[in-house]
Amino acid sequence: MKRLNIKLLVKLPRPIKQSIVIFIDLFICLLSIWFAIGLRLEEWQTPVGNQWWAFILAPAFFIPIFFAFGFYRTIFRYFGFAIFNSIFKPFVLYCILFIVVFSIVGVNGVPRFVGLIHPILFFIGILSVRYLIRACLNNFFVGGIKFADAHPSALIYGAGSVGRQLAEGLRVAGEMNVNGFVDDDVYLQGNMINGVHVYAPSELRNLIITLGITDVLLAMPEMPNDRKKEIIETLCDCGVRVRKVSGLVDMISGKLNNSQLNDLDMNELLGREVLHPNNEVLEKNIFNKVVMVTGAGGSIGSELCRQIIRLSPSALILVDINEYGLYSIFEELKELVANSHQKNVDSSREDDLIPSNMNNSIRIEPYLASVRDRRAMLKIFSVHRPDTIFHAAAYKHVPLVEQNYAEGIRNNVLGTLICAQLSLDFGVSNFILISTDKAVRPTNIMGASKRLAELVVQSISKNPTHSGVAPIFSMVRFGNVLGSSGSVVPLFRSQIKAGGPITLTHLDVTRYFMTIAEAAQLVIQSSTMASGGDVFLLDMGMPVRIYDLALRMIYLSGLMVKDELNPNGDIEIKVTGLRPGEKLYEELLIGYNPEKTSHPKIMKAHEEFISWDILKGELDGLMDLLERDEVSLIHPVLMRLVAGYIPGNKPVS
């Protein structure tokens, strides 16, 4: 019955609810006058004579004033400290008017003391009733009418301004109970903030048990990465969901709901440090130049475009065979350029590494074309004559390329050859090939084709027979990028959201990881260091065991692993077996002793290549085999050209 009554009250038309509130305020007003008179006369009696004027004039004063100041537009569920400030002005005006009439001027029969004590009692009364009603309503939410104790129970790590506003936003939204703050500041520990206790970090694990915590919310955006890593490690096996709020901008509306809290990004999951680049260095091959990105609609290509556009090229040429991918990045870049006058355009995404100095006159030209189509690429080169090319167009999904080897080789090798040769013909200044760690001692067609693409670029770069000023050719080799198509992280997230199981190909598989934004930034910076034929390696940090990553993602989602030791867990990890051509671990270097560069996360490799005279004949023969569909002869050619290529499905360790 109680639930039904509150539900009916919440759903009443707003004018009726306002009328109820006015009636309540009227009752409080008259009652406070009666109390004030009784306190002064030291007896409780029915009003007599001129005393009735106080009961008549008080409502005549406060109702019009409160209406004029919008007092009755307040929604009780969102009644908080900010609303308290808005009440103050109309109440001061009412107090002045009432005191002037009954205390300064005076009314016979009404003690002057009433003019002073009534406003105080009235103010206390209406605030108390509102907070009481708010407390009742906040036990419910419209559409489900659930009790508050059914909501998730949260600890907020950080009792500063962000943490306090987060607590208020969650209280207003009514979707999560905040049961405490945790803060590193010893002066805050042991105190209460807005009725919520502040605890020391040393109590964190114990609090999760004793308070039944389901969520820990990180509300310290400026926290050093080392400290954040320590906290995440502490929480990793506690069975709580760990999320964060990036800053006050997330709470600008004054209301925050559960879905607006962010999962930890991958740098936080893996404890990676990100170095922010020097803008002046990055601009070398981009500022006021015509830049082309092939594979612009892909994961790496699109991120390159986002960061290149912030460095103000004169034009950005987008090439991709994927219509939707090309359309998506084209529309996104147009919006970025159109909004470039806004002060905070450089903060549109949390993981932007390159500050923006772009202008709104950058030309963006999208081309729906394949890099294997020489005629289409010739037209693009002849029309725009690019200065810098980032060649990211490639088929990269190992099992798909393994099954569709002809298309994989044509796209990855022939496409690179066409773009490199046209770069020679049209005087391109810099050509950068985006490569992969799978090109090192590959066990699959995809890796072999990418190493062959590297050989093409190396050979053309070192070919002494070409005329004119040759482009500066370079390659950048790195491992898995988090969040890309094919990355395990979005796959694991979706599998966890679906209740599992998480599918893993092998318990001992390890991979290098880097965010897309960081990889793109380092690719751009690598291009400025190239002298010709360089193979750059990005420091991917320590390799990560995929099983450990899966465990961490499960734990930080507030769930437990379901296995033989814990059959009542939430998410099972199922091993499916290595896919065709998949390695247990990846490498970045073919030879030895990579050379350091001026950037701590970029190294340079010196690796052998095949002279162009020999390679050209081999490529012609390979393409001829593909045309004739001579499957049995493809592997021997690749094994002859690509050092360390061992085809087969057996794990390489």
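Helix α12 (residues 323–338) lies across β9 (315–320) and β10, running at about 175° to β10. Contact means heavy atoms within 4.5 Å; axes are lines fitted to C-alpha atoms, for helices over the stretch in contact, and angles run from 0 to 180 degrees between N-to-C directions. Helices (H or I, at least four residues) and strands (E, at least two) are DSSP runs, numbered from the N terminus.

The model is predicted: local features need pLDDT of at least 70, side-chain atom pairs count only at pLDDT 80 or more, and totals for chains, interfaces and linings use all residues. Residues are numbered from 1 along each chain as its sequence is written, and side-chain values use heavy atoms, with hydrogens and water left out.

**The sheet.** Nine strands form an open sheet of mixed pairing, in the order β10-β9-β8-β11-β12-β13-β18-β23-β22. Its edge strands, β10 (363–368) and β22 (595–596), each pair on one side only. Two strands pair if DSSP finds at least two bridges between them. The pairings of strand β18 are listed below.

| Partner of β18 | Bridges | Sense |
|---|---|---|
| β13 (residues 472–478) | four bridges | parallel |
| β23 (residues 602–605) | four bridges | antiparallel |

Phe-536 of β18 is the bridge partner of Val-476, and in β23 the bridge partner of Phe-536 is Lys-604. Leu-537 stands opposite Met-603 in β23.

**Buried elements.** Buried means under 20% relative accessible area, exposed over 50%, and partly exposed in between (1.4 Å probe, protein chains only). Five of the five residues of β18 (residues 534–538) are buried, so this strand is largely enclosed by the rest of the structure. Asp-534, Phe-536 and Leu-538 point one way from β18, while Val-535 and Leu-537 point the other way. Helix α11 (residues 299–309) is likewise largely enclosed, because eleven of its eleven residues are buried; among them are Glu-303, Cys-305 and Arg-306.

**A surface patch.** Phe-27, Leu-31, Phe-35, Leu-39, Trp-44 and Phe-113 make a nonpolar surface patch of about 590 Å². Patches are made of residues with over 30% relative accessible area and no salt bridge, with like charges joined within 9 Å and nonpolar side chains (Val, Leu, Ile, Met, Phe, Trp, Tyr) within 5 Å. A salt bridge is a side-chain nitrogen of Lys or Arg within 4 Å of a carboxyl oxygen of Asp or Glu. Accessible areas come from the Shrake-Rupley method with a 1.4 Å probe; for residues, only the protein chains shown count as cover. Helix α2 (residues 14–41) supplies the largest share of the patch, four residues. Leu-39 is found in helix α2 and is partly exposed, with a relative accessible area of 45%.
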